[in-house]
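Here is a short briefing for someone meeting this structure for the first time. Please look over the sequence and the model, then read on.

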Amino acid sequence: MIELATLSSFLFNYSFYYPLFMAYLWMAGALIYYVHWERKETDQVPTFDNPPPGVSILVPCHNEGDNARETIEYLLKQKYPEYEIIAINDASTDDTGEILNTLAKKYDKVRVIHFKENKGKAAALNIGAMASKHEFLICIDGDALLDENASSWIMKHFINSPRVGAVTGNPRIRTRSSLLGKIQVGEFSAIIGMIKRAQRVY
């Protein structure tokens, strides 16, 4: 039988050394990624010799009345040749549904799915995926703004590397004026960005 002191010592050592080990692992991976890939990349937007496959952009929305219009109209600036936008209204209680319907009537690329009951983000994405007409999906939040060249950068990896199954972006926080926003900027750039780069290596 394991003694309480031994168990306590094990748990203490694990809680101390495991994060330390993983921190070094992520830093090493991020450094390898930078040396092997990132420093060789250019800012030139990817181009395609042949028409690339279409993309369906899924936008789950719940009470995003203040953001939905800006998010959708920003998506419509995509320079990718073939894409559609599917907004999923997850039983919003504000004017999200009305705003999305107005946008769908105005823009042919926009389609809207309405839930009568709140089902959550995962269910919204699943339904959106089933309703999509393209094989490749880009999923963003209802308050996010996607760079106009993001679809091209994302699809570049799928087209050039058949083994790639998923691509993640580099999120940047918009609310930088608040203390929380500044903390999030540091978190995303210094921690999450580093982990994503390391995962690309391992």
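Lys133 touches Ser56, Glu82, Glu84 and Arg111, leaving out residues up to four places away in sequence; touching, or contact, means heavy atoms within 4.5 Å. The model is a predicted one: local features need pLDDT of at least 70, side-chain atom pairs count only at pLDDT 80 or more, and totals for chains, interfaces and linings use all residues. Residues are numbered from 1 along each chain as its sequence is written, and side-chain values use heavy atoms, with hydrogens and water left out.

- Lys133 sits in the loop between α4 (121-131) and β4. Helices (H or I, at least four residues) and strands (E, at least two) are DSSP runs, numbered from the N terminus.
- Lys133 is exposed, at a relative accessible area of 59%. Exposed means over 50% relative accessible area, buried under 20%, and partly exposed in between (1.4 Å probe, protein chains only).
- Tyr83 is 50 residues from Lys133 in sequence. From C-alpha to C-alpha, the two are 9.4 Å apart in space.

**The chain as a whole**

- The chain has 6 helices and 4 strands. From the N terminus on, its elements run α-β-α-β-α-β-α-β-α-α.
- The radius of gyration of the chain is 21 Å, well over the 17 Å that the globule rule gives for 202 residues, so the chain is more spread out than a compact globule. This radius is taken over C-alpha atoms, and the rule is 2.2 Å times the number of residues to the power 0.38.
- The C-alpha trace spans about 65 × 45 × 40 Å along its principal axes.
- Of the 202 residues, 30% count as buried.
- Take the contacts between residues at least 6 apart in sequence: 77% of them join residues at least 24 apart.
- The accessible surface comes to about 13,400 Å², and 56% of it belongs to carbon and sulfur atoms. Such areas come from the Shrake-Rupley method with a 1.4 Å probe; for residues, only the protein chains shown count as cover.
- There are 22 positive and 23 negative side chains, and the centres of the two sets lie 5 Å apart. Lys and Arg count as positive, Asp and Glu as negative; His and the chain ends are not counted. The place of a charge is NZ of Lys, CZ of Arg, CG of Asp or CD of Glu.

**Helix α3**

- The buried residues of α3 (residues 96-106) are Thr96, Gly97, Ile99, Leu100 and Leu103. They cover an arc of only 160° around the axis, which puts them on the same side of α3. The arc is that of the directions from the helix axis to the C-beta atoms.
- These buried residues pack against β1 (55-61), α2 (68-75), β2 (83-89) and β3 (110-114).
- The face turned away from the buried side carries the exposed residues Glu98, Lys105 and Lys106.
- Leu100 counts as buried, at 1% relative accessibility. Its contacts beyond four places in sequence are Cys61, Ala68, Ile72, Ala87, Asn89 and Val112.
- Leu100 and Ile113 are 13 residues apart in sequence and 9.3 Å apart in space, C-alpha to C-alpha.

**Helices α5 and α1**

- In α5 (residues 150-160), the residues Ala150, Ser151, Ser152, Ile154, Met155 and Phe158 are buried. The buried residues of α5 pack against β1 and β4 (136-139).
- Ala30 is found in α1 (residues 4-36). Ala30 counts as buried, at 11% relative accessibility.
- Neighbours within four places aside, Ala30 is in contact with Met194, Arg197 and Ala198.
- Ala30 and Gly120 are 90 residues apart in sequence and 33 Å apart in space, C-alpha to C-alpha.

**Loop residues**

- Asn63 lies in the loop between β1 and α2. Its phi is near 55°, a positive value in a residue other than glycine. Asn63 is partly exposed, with a relative accessible area of 32%.
- Ala91 lies in the loop between β2 and α3. Its phi is positive, about 55°, although Ala91 is not a glycine. Ala91 counts as buried, at 16% relative accessibility.
- Asp108 is in the loop between α3 and β3. Asp108 is exposed, with a relative accessible area of 80%.
- Asp108 and Ile85 are 23 residues apart in sequence and 9.3 Å apart in space, C-alpha to C-alpha.
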